[in-house]
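Here is a short note for a colleague who is meeting this structure for the first time. Please read the points with the sequence and the model side by side.

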Amino acid sequence: MYRYLVFLTALGISIAAPAAAGDLEIRIGGISNGDGRVMVAVFDAAERFMGEETQTAALMLPARKGMVRAVIGDLPAGIYAISVYHDANGNQELDTNMLGMPREGYGFSNDARGIAGPPSFQAAAFEIGADPAVVDLRLSY
Amino acid sequence: MRRRHFIAASAAMAVHSALEPGLLIRAATAASGDDWGPAFAAARARKPWLAGFETPASDRLETPRLDIDGVWPAELAGAFYRNGPARHAVAGQRYRHWFDGDGMLQKFTIADGRVAHLGRYVATAKYMAEIAADRPLADGFGTRMPGVPPAASPDAINPANISVIAHAGRLLALWEAGSPHEIDPATLDTIGRHAWSDETSGLPFTAHPRIDRDGNLWGFGYALFRGALVLYHIGPDGGLRKAGLVPVPDLGMVHDFMVTARHIVIPIPPLVFEADRLAGGASFLDAHVWKPDLGTRVLLVDKDDFSRVEWRRLPPQWIFHYGNAWEEADGSIRFDACRYDDPGVMFSLLRYVMRGEVRPASPAYAMQTVLRAGGAADQQVITDQASAEFPRIDPRRAAVRYRQLYCVLGLGRGDAAHPFANAVARHDLETGDWDLHRYGPDEIVEEHVFVPRPGSTDEGDGWLLGTTLDAGAGVTRLNLLDARRLAGGPVARAHLPYSLPLGLHGNFVGA
């Protein structure tokens, strides 16, 4: 399943109240400024984690200094992991330096960190079950 | 003073530690039951010189007019900036290495025969976040803090605590594994991380860039997870001329390098970073393994074309600092260094001093090295009985043939009140003569920098400017010496009403 959701409200905030089973609320903090967008990808398996076009769901949220939040509904029960980056210049890429180190803010569910690279799917994994899930994460710059 | 007299005047020096390959790993995770803070406090009560490893009482130190002795020459006008680790604990959690704490800049403004002092922390992302959270959020160079996740980036843990340099109108506070921080030279406000380009943003940048006589800034950085050295050429206007990568297997911490007229010269000591050890919980320092069988590889890179490299080899040795290098007509490269037999000092003395202990380590010998055009190499000892550090030169001789080498020395260790340097010295590389001043028994001698006398052109015509921590009086002093007659002692001194944490490196910026 692959869905591409774009939230672009007049306020620059997407707001929905998680209520139902399968709903996932994502709260992304630590955003340094309101330039560009916050790009969110949700993965449902280790073998698809951080792949090209292998997300279960993806969101583009208008950036906002501090925090943005979004809700994705109707996700099947299972194990997921989220990666996020702040596409401040709007080029739809995580910009990097000549060693491939991110030059824009990024983060993962569980605030998982890898050593000199992304964390493992397991380190970022969380469960969506019978209850609505809430994931808080902070971007690092 | 002739070399033989110099050696005769030096008593038996620090004991060699027997470091075996692969035995450098130490438990260094600060954890519950941590006793480093109490151990330091107890030792501090007995050893006044440990003031040099205390966190300052205030995050801003300011004295508009220092008490002075002697005459500060009116022609000496400018600011002497120094940097060094100063915030040695976060929320009561004491770091376990001298090199860990957040950098504090010390500015001595010299004008009209008067001296003023201002000290302020570099407002790095790490410093600001930890102040706000009032708990450790980042590991240090030699300390794993409990519950702190891996760093999001090198700059997330960058304490900007090693040196400070002015180039192209910018004052830059330097670490060695992340970005420089640009500083307001008047107020010491932190302007922010500096990047010369998007491509080099966030890359490691040395604490010891070299400025040549044309105003070019040459730098390097070690990218250990990529097994590569980054090279930088910044033009006199402050713009990036070029950057490059040189892959290096078995890479580890590399603290300093040199340039000659034609080459970048980077000796790579056999202290090898093993990422698995970091993943296994070792500190960054303890993730390094001493592998003397590798020898010291010396990378030579063409300054005009970073893809043109040559390799040379020297015996295994640990070096923090080089004074200068130059290239003869036949292509032979000559340089000086303060050379340790192994990196034990970094794992012993400079670690355990943070709990107030003095552990023995091999001393540093001042050495001259010749890399001959044919590939052979010679190394010759300049001092073999006094520990030498912080080599500096007259900047007018950067990357060309030079004669005068300045450094600090640890003389006569047997009766010393502290285990650090107690003298400042000049060595004439052509005659072998020494000219030195030994400070008082309670004074720890920090790096002294050469300041050319305005209007002069001859090498060595100028002053040495450097700080000392007088543990007896509990104050830090700024000292000015005639660089041609160090034996006469300071021609002027300025006395702070407080002590500063011992720092690392600095530079003078003329008004």
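1. Basis. This is a predicted model, in which local features need pLDDT of at least 70 and side-chain atom pairs count only at pLDDT 80 or more, while totals for chains, interfaces and linings use all residues. Residues are numbered from 1 along each chain as its sequence is written, chains are lettered from A and ligands numbered from 1 in the order in which they are written, and side-chain values use heavy atoms, with hydrogens and water left out.

2. Elements of chain A. Chain A has one helix and nine strands, taken as DSSP runs numbered from the N terminus (helices H or I, at least four residues; strands E, at least two). Read from the N terminus, the order is β-β-β-β-β-β-β-α-β-β.

3. Contacts and surface of chain A. Among contacts (heavy atoms within 4.5 Å) with a separation of 6 or more in chain A, 73% join residues 24 or more positions apart. Of the 141 residues in chain A, 45% are buried, a term that means under 20% relative accessible area with a 1.4 Å probe, counting protein chains only. The chain exposes about 6600 Å², of which carbon and sulfur atoms supply 51%, by the Shrake-Rupley method with a 1.4 Å probe.

4. Leaving aside residues up to four places away in sequence, B:Ile264 touches B:Trp218, B:Leu231 and B:Phe306, among others.

5. Cysteines. Over all chains there are zero disulfides, a disulfide being a pair of cysteine sulfur atoms within 2.5 Å. B:Cys338 is in no disulfide, because the closest cysteine sulfur to that of B:Cys407 is the one in B:Cys338, 5.8 Å away and too far for a bond. B:Cys338 is buried at a relative accessible area of 2%, and B:Cys407 also counts as buried, at 5%.

6. Cavities. There are three cavities of 30 Å³ or more, a cavity being a set of points, on a 1 Å grid over the protein atoms alone, where a 1.4 Å probe fits but cannot get out. The largest cavity has about 80 Å³ of space, and its 13 lining residues (an atom within 4 Å of a point) include B:Arg82 and B:Gln106, which are among the closest to its centre. Strand 3 (78–83), strand 4 (85–87) and strand 7 (102–111) of chain B each give two or more residues to this lining.

Methods:
Buried < 20%, exposed > 50% of the residue type's maximum accessible area, 1.4 Å probe, protein only. 1 Å grid on protein atoms, 1.4 Å probe; cavity = no way out; pocket = protein on both sides within 12 Å on 5 of 7 lines; lining within 4 Å. Points joined across faces, edges and corners; volume = space filled by probe spheres on them.
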